[in-house]
Amino acid sequence: MKDLLLISILIISLSPLKEPVTAGEVTKEIQIIPMPSEIIVLNGTFEMTGNTSIQAGHNLLLKAEQLRAYLSPASGYKLPINKESAGGNYIELKLSDELLHLGDEGYQLNITHEKVLITAYNMRGIFWGIQTLRQLFPHEILREATVDGVKWILPCVNIVDKPRFSWRGLMIDYSRTFWNTRHTKKYIDAMAYYKLNKLHMHLTDDQGWRIEIDKYSALTEKASKFDTIYHEPKEREGFYLKEDIRELVRYAEARNVEIIPEIEMPGHTSEVFAAYPELSCTGETLSVSPFFKGPGIQNVIFCAGKERTFGFLENVLSEIIELFPSKYVHIGGDEAPKEKWKACPDCQGAIKKYGLKDEDELQSWFTKRIEVFLNSKGKKLIGWDEISQGGLSKTATVMFWRGGMENIALAAITQGNDVIMAPTSHCYFDYSYKNISTEKVYTFEPLSDKLESVNPEHILGVEACFWSHIDRTEPKMDRQIFPRILALAEVGWTESPNRNWDNFSLRLKHQYKSLDLMSIYYMDTNI
Ligand SMILES: [Zn+2]
C-alpha cells in the first residue's frame with residue numbers, strides 16, 4: 001500500500017523533484033487531510049510577507065476576501081486584493097474552463113517561489129483550493145490574533161485534486177440535545193477545513209422539535225421543551241428561529257457546505273403530540289422527556305388515516321422548503337412503530353381505501369404522498385433505509401444506515417435510486433471508539449464487494465451520524481466526532497489507491513494542533 005501511495009503522489013515529474021522523495025518526507029511537508037489526488041513536491045518555497053498581495057478577477061473578489069480573512073489575522077499582513085499584478089509575490093485565484101474535467105469541486109494549486117496559483121472550473125473548486133493552501137501553511141495560521149516569530153512558508157508543489165464522492169456529510173442530532181448557532185458554526189468551519197460538504201440537521205424527534213414554524217407556534221412553545229419534572233439544563237432544549245437558520249444557511253453556503261433539513265415522519269414524532277395530540281392515532285397528549293429519563297423511542301406515530309396529518313406536514317414542509325435552499329429534504333422514515341396503525345380505524349380504513357397489503361405498504365404510501373408534495377415544490381426526498389419497506393419510489397434517495405444489510409442498498413441501487421452510505425458499522429459516531437475506531441472508519445469502503453456490480457454513480461457518498469442522547473456536552477460531542485470525521489473525510493474525498501492508514505495517522509497527529517486552534521476537543525488515541 002505504501003508503494004501505491006508513493007506512485008500516486010509523485011505521478012509525472014515535470015519539474016525538478018527533491019530526491020529521493022520518500023513517503024516520510026512527503027508527509028513532513030504535505031500534512032493535508034483529505035489527501036489530494038496528485039501531488040508533485042518541487043524544490044524551493046514561497047514565503048508570504050508584508051509585501052504579498054492577492055490577485056483575483058472581479059468574479060472572484062468574494063473568494064479573495066475570504067482568503068484574506070483566513071490569512072490576515074495570524075500573519076498581521078494586509079494582503080491587498082488587486083485585479084492586476086502589483087509587483088512582489090502574490091496569491092492568485094483564477095477560474096478556468098480548461099479545468100472542467102476536474103468537475104464542480106476540483107482545483108489545481110501551483111506554488112512556486114514567486115506565486116501561489118489556485119485555478120478551478122468554478123468557485124467551489126477555488127474554495128477547496130483555499131482550504132488546501134491553509135493546511136499547507138504552518139498551523140498557527142489558524143490563530144485569530146497576530147502571531148510573532150513564525151515564517152509563513154509554503155513548500156513549492158503542484159497539486160491536482162478532486163473528490164471521489166459528491167456527498168461527504170455529517171448528521172447532527174439537534175433533538176435529543178439542542179446545539180446552538182455558535183456551536184454549529186464551529187462545525188461548519190471544521191467541515192470546510194476538511195472538505196466535507198453536507199450538514200444534515202436532524203431537527204425533530206421524540207426528544208424535541210427544534211425549528212420555528214410560523215403556522216404551528218405550539219411546536220416551539222411546547223414541543224421544544226423537556227417536561228419540567230426532569231429538571232434538564234436549559235441549554236439542552238430550545239429551537240432555531242427562522243432568522244438563525246437563514247444566518248446558518250448563508251454561513252454554510254459561503255463555505256461550500258449545504259444544509260439538509262430533516263423533519264421526521266411518520267415515527268419518532270411523540271414530541272409533536274405534546275403540542276398537537278390530534279395528529280396521532282389515539283389523540284393522547286404526551287410530554288417531552290430526555291432520552292434516558294423517559295421512554296426513549298416512543299411507539300406513537302402520525303396517523304396515516306387522517307387527512308389533517310397531511311395538511312400539517314405539507315404546511316410544515318412548505319415553511320422548511322422556504323428556509324433551506326438545498327434541493328433535498330430528509331423526511332426520516334426510520335423505526336416507525338406500526339402497533340398504533342394496526343389498532344387505528346382511520347389507518348386501517350386507509351389501507352382498505354388505497355388497496356394496500358399491510359402497514360409497511362401504508363408507510364410506503366405515506367412516504368410517496370409526501371414525496372409527490374416535495375417534488376411539486378422542486379425538492380427531492382431523502383429517507384432512512386426503512387422507506388424501502390413496503391415498496392420504494394424510484395426517485396427517492398435512500399440513506400443506508402443499517403449495517404450488515406447491504407442487500408437493501410443493493411436493491412435500491414439496482415432499481416435506480418441514489419444511495420448515501422451511513423452504516424452503523426463505520427459511520428455512527430455516537431458509538432464508542434472501542435466499537436468504531438478511527439482506523440475502522442478509515443478502512444470503510446463505500447463500494448463494498450456486495451455492491452461491486454452496481455452503477456457506482458448511484459452511490460452519492462458517505463455521511464457520519466452523531467446522535468446526541470448519550471454525549472450531551474460540547475467537549476463530549478467533539479470527542480465522539482473528532483478525529484473520526486477526518487478519517488471519513490478522506491474516505492469520501494480520496495480515491496482508494498491513495499488511502500493508507502499509516503500515512504494518514506502521521507498526518508492526523510499534525511492535524512491535532514489545528515484542532516486545538518479551532519477549539520475542537522478530540523480523542524487523542526490510536527485505538
Ligand atoms: Zn391512525
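What radius of gyration would a compact globule with 527 residues have, and what does the chain have? A compact globule would be near 24 Å and the chain has 25 Å, which agrees. The radius is taken over C-alpha atoms, and the globule rule is 2.2 Å times the number of residues to the power 0.38.

Some ground rules. This is a predicted model, in which local features need pLDDT of at least 70, side-chain atom pairs count only at pLDDT 80 or more, and totals for chains, interfaces and linings use all residues. Residues are numbered from 1 along each chain as its sequence is written, and side-chain values use heavy atoms, with hydrogens and water left out.

The chain holds 18 helices and 17 strands; these are DSSP runs, numbered from the N terminus, helices being H or I with at least four residues and strands E with at least two. Of the 527 residues, 61% are buried, meaning under 20% relative accessible area with a 1.4 Å probe, protein chains only.

Now the metal. The zinc ion is coordinated at 2.3 Å by the SG atoms of Cys281, Cys303, Cys344 and Cys347. Donors are N, O and S atoms within 2.8 Å of the metal (3.2 Å for Na, K and Ca). The arrangement is tetrahedral because the 4 donor atoms subtend angles of 105 to 115°; the term requires all angles between 85 and 135 degrees. Along the chain the donor spacing is C-x21-C-x40-C-x2-C. Cys303, in the loop between α8 (272-275) and α9 (307-323), and Cys344, in the loop between α10 (339-343) and α11 (345-353), are 41 residues apart, and the pair links distant parts of the chain. Both Cys303 and Cys344 are buried.

Definitions and conventions
Four donors count as tetrahedral if all angles lie between 85 and 135 degrees; four count as square planar and six as octahedral if opposite donors are over 155 degrees apart and all others between 65 and 115; anything else is irregular. Buried means under 20% relative accessible area, exposed over 50%, partly exposed in between (1.4 Å probe, protein chains only).
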